[in-house]
Amino acid sequence: AAAAAATAAAAASIRERQTVALKRMLNFNVPHIKNSTGEPVWKVLIYDRFGQDIISPLLSVKELRDMGITLHLLLHSDRDPIPDVPAVYFVMPTEENIDRMCQDLRNQLYESYYLNFISAISRSKLEDIANAALAASAVTQVAKVFDQYLNFITLEDDMFVLCNQNKELVSYRAINRPDITDTEMETVMDTIVDSLFCFFVTLGAVPIIRCSRGTAAEMVAVKLDKKLRENLRDARNSLFTGDTLGAGQFSFQRPLLVLVDRNIDLATPLHHTWTYQALVHDVLDFHLNRVNLEESSGVENSPAGARPKRKNKKSYDLTPVDKFWQKHKGSPFPEVAESVQQELESYRAQEDEVKRLKSIMGLEGEDEGAISMLSDNTAKLTSAVSSLPELLEKKRLIDLHTNVATAVLEHIKARKLDVYFEYEEKIMSKTTLDKSLLDIISDPDAGTPEDKMRLFLIYYISTQQAPSEADLEQYKKALTDAGCNLNPLQYIKQWKAFTKMASAPASYGSTTTKPMGLLSRVMNTGSQFVMEGVKNLVLKQQNLPVTRILDNLMEMKSNPETDDYRYFDPKMLRGNDSSVPRNKNPFQEAIVFVVGGGNYIEYQNLVDYIKGKQGKHILYGCSELFNATQFIKQLSQLGQK
Amino acid sequence: MAVDITLLFRASVKTVKTRNKALGVAVGGGVDGSRDELFRRSPRPKGDFSSRAREVISHIGKLRDFLLEHRKDYINAYSHTMSEYGRMTDTERDQIDQDAQIFMRTCSEAIQQLRTEAHKEIHSQQVKEHRTAVLDFIEDYLKRVCKLYSEQRAIRVKRVVDKKRLSKLEPEPNTKTRESTSSEKVSQSPSKDSEENPATEERPEKILAETQPELGTWGDGKGEDELSPEEIQMFEQENQRLIGEMNSLFDEVRQIEGRVVEISRLQEIFTEKVLQQEAEIDSIHQLVVGATENIKEGNEDIREAIKNNAGFRVWILFFLVMCSFSLLFLDWYDS
């Protein structure tokens, strides 16, 4: 039975766990039971921005409604008093939030209060609330107070980020600023560790931590180890001993936490990508599983330029319920375009079927034989009627993906991203280049200045020896001519000088991308998405540095790159790096956490890697999720100093 | 995992309280109050709306309990054949149907009333939204309970239909006894049990086989005069033919019944959809009316514009003519 419980726990993804925890909280901290004829209850939900970010990727408004939430309001908005309704608060325990809650208590806004804090509240703040409750004589109205330990945002079944609101605080720039003080660094680390701790509480498992030496990741590891240790020592109040959670606790296997510093691989976040999800994140405004599209509504349709182009903003949710998205988020883009086309066709076929049925009914209705036809068709009609909502939903999804894919395609065409992608892949795999770098940089048609900068940075990062000064000057001139800001390059130069001392630059594994054969291109020309001029590139499996590190650590392979990684086991009583008896078995479950920002490329790469391994799971986390534009911005800020 | 720190909170309330006392800080209301008074519920006027909403919910809850309580008896349509076990007659069932329907209607009326009242009072936007959502919840609840009812009613109807189908196959005398049993069940039930139970399970052919000898006895009773073997043979053939006809008729009827059930199910779906669409159609209607108004206004405007345009043209023409005249005049004057 224990084994069964263990497998069940392993099967429950972090996303499910967090959703269950949220539902439980919304249900006044009683496990949620689905009951078809239960009496309805109603309550209002009050959250702050942090709470909103946590809830929004997991629960839709409809699901909130099903949970009995009539209103969901921000804590710091104007809220009218609603008597006779319990209020569920879901907020961070910050000063201003506490002040606002005290104010609510004084103003007697609601009937009763269920206070839930995203991460642990300190004693003094709790006393502040107690004071306010006493002053308002509303102590009995505070029905429950809970620490939820949910301070992280789950985006996918196996992906999470720490926070979204104050992500500048834990960004790559914040960690790598040269002028950062020790106390500032402490706060950054504390924020990261607090969120990671929440993550492991929700996961219900104590990990074995590995990290590289002498990086920010090591600091995180030390602190996290300490925090977990402290919590485990106090056996009575430990968060890891309850029987509701932690089947992982009793199972034989413990997860491996690999803490990776962004500095080991700077090329990947700059890389142009070719898979759907990463492309959407790279070129569109994709944020907490929601993509915002700006559509210029039909320039051709508007009367002769009389009015300025009206921008039409649309936002779509890309949720795990969306089967198409689930299936294709990791596929290369041309494949996605093709599949959208196929889906569209199958949908049309179904629609035609329904229409045909309708016409038969209409025609046959006049004849004497109508009744027999009718009854023959009743079964069909029933199935058609019941399949209609499904069909509508399908249509909505197809529309969504058509729009998103078209928008992505526009970007690809405008910026020649396919060329960049192919070229960068070649640089990273160190194959011979058929076109000089200078040509692309000085080509005015190809891409934005930012794309050029990215390309050059990747080249600069991944070459073994730096180009000579004269060459560099030439490149710089070309880049400035193309309108690039050279600040990022400044920083990368420093970084490279620094890492060269520390270690040899990581190699990116040999891969090749090939343009698809002529034949298959002819086959694809039927596609409605006019992919002309866009090369149909096929990805070959390659492992990024992060994936390789994980592979080494998970399989206990010996590799100079990872052999000196530090080892922490919070369950061991005395933590000493050398004396700890190490776990020699390969791990079944691993969590990769990138300190200093991650991206969808690495996530996708890890997912692809683990697909080939039976019975293994990987979770990918990062302190913030940025795309290349945001990353370049941070680099240039760093370069200015 | 969530950690309950309510006790911690209560404890800190106490510490704060003792501290305040020690410092002599006056805390509004709570300072002289004993523990009971402290934890006493602060008197708040119970809102009219929510108490009424709760009332409606409890009504619906009662209906649900009532339905669930009688569900078993209600569904069991064969019960009157086994009178010891059956506790509910058809009239009682009808009574339940009627009561439930009346109850549902009153509930939905109450909700409707609440809705109008909730919107009549002037409230802030949020309160209004909240109330709408609450009423939606209640309506949804009522719908779920109604579904419970309609499900068991559908089962009942189906069972009755099944039963009728079986009883049609049974020979005349039996149906007669059955009619009598329905009025006075107790006396005849054992004998009926033995007759009907096999009938429900066996195939129609067997039942037909049973009927044949009875037809034979009829023939015996009717005429004293002997029938010739040819005549008997003829009658038998005719019987066979009749039975075949009956069989095919019966099959058809059964098919038709199945279809009718299906159609009724479809009908149900359609009604639901139509009801759903009602609101939408209403809003569309409103929009259409608005659009018509707009178009009318637009037409007016256009007409106005045309008129203005024409007037303007006349003026321009006039001006030009005047200009040319003045030019002519100047020319004439100059020369």
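Modeller: Helix H12 of chain A gives the largest share of the lining of the largest cavity, 3 residues. This is a predicted model, in which local features need pLDDT of at least 70 and side-chain atom pairs pLDDT 80 or more, while totals for chains, interfaces and linings use all residues; side-chain values use heavy atoms, without hydrogens and water. Residues are numbered from 1 along each chain as written, and chains are lettered from A and ligands numbered from 1 in the order in which they are written.

Colleague: What makes a space a cavity, and how many are found in the whole structure?

Modeller: On a 1 Å grid over the protein atoms alone, a cavity is a set of points where a 1.4 Å probe fits but cannot get out, and lining residues have an atom within 4 Å of a point. The search finds 5 cavities of 30 Å³ or more. The largest cavity holds about 70 Å³, a volume being the space filled by probe spheres set on the points, which are joined across faces, edges and corners. Of its 13 lining residues, A:Asp282, A:Asn599, A:Ile601, A:Asn627 and A:Ala628 are the closest to the centre.

Colleague: Why is A:Leu257 called buried?

Modeller: Buried means under 20% relative accessible area, exposed over 50%, and partly exposed in between (1.4 Å probe, protein chains only). A:Leu257 has 0%, so this residue is buried. A:Leu257 sits in strand S9 (residues 256-261) of chain A, and its C-alpha atom is 8.8 Å from that of A:Glu589, 332 residues away along the chain.

Colleague: How do you know that A:Arg566 and A:Glu218 form a salt bridge?

Modeller: A salt bridge needs a side-chain nitrogen of Lys or Arg within 4 Å of a carboxyl oxygen of Asp or Glu. For A:Arg566 and A:Glu218 the N to O distance is 2.5 Å, and the pair qualifies. A:Arg566 is in strand S15 (residues 566-568) and A:Glu218 in helix H9 (residues 216-233) of chain A, so the bridge ties together parts 348 residues apart in sequence. A:Arg566, at 18%, is buried, and A:Glu218, at 15%, is buried as well.

Colleague: What makes the nonpolar surface patch with B:Phe325 a patch?

Modeller: Patch residues have over 30% relative accessible area and no salt bridge; like charges are joined within 9 Å, and nonpolar side chains (Val, Leu, Ile, Met, Phe, Trp, Tyr) within 5 Å. Areas come from the Shrake-Rupley method with a 1.4 Å probe, and for residues only the protein chains shown count as cover. B:Phe325 has 51%, so this residue counts as exposed. B:Phe325 belongs to helix H9 (residues 229-334) of chain B. The patch of about 770 Å² also includes B:Trp315, B:Leu317, B:Phe318, B:Val321, B:Met322 and B:Leu328.

Definitions and conventions. Helices (H or I, at least four residues) and strands (E, at least two) are DSSP runs, numbered from the N terminus. On a 1 Å grid over the protein atoms alone, a cavity is a set of points where a 1.4 Å probe fits but cannot get out, and a pocket is an open set with protein on both sides within 12 Å along at least five of seven lines; lining residues have an atom within 4 Å of a point.
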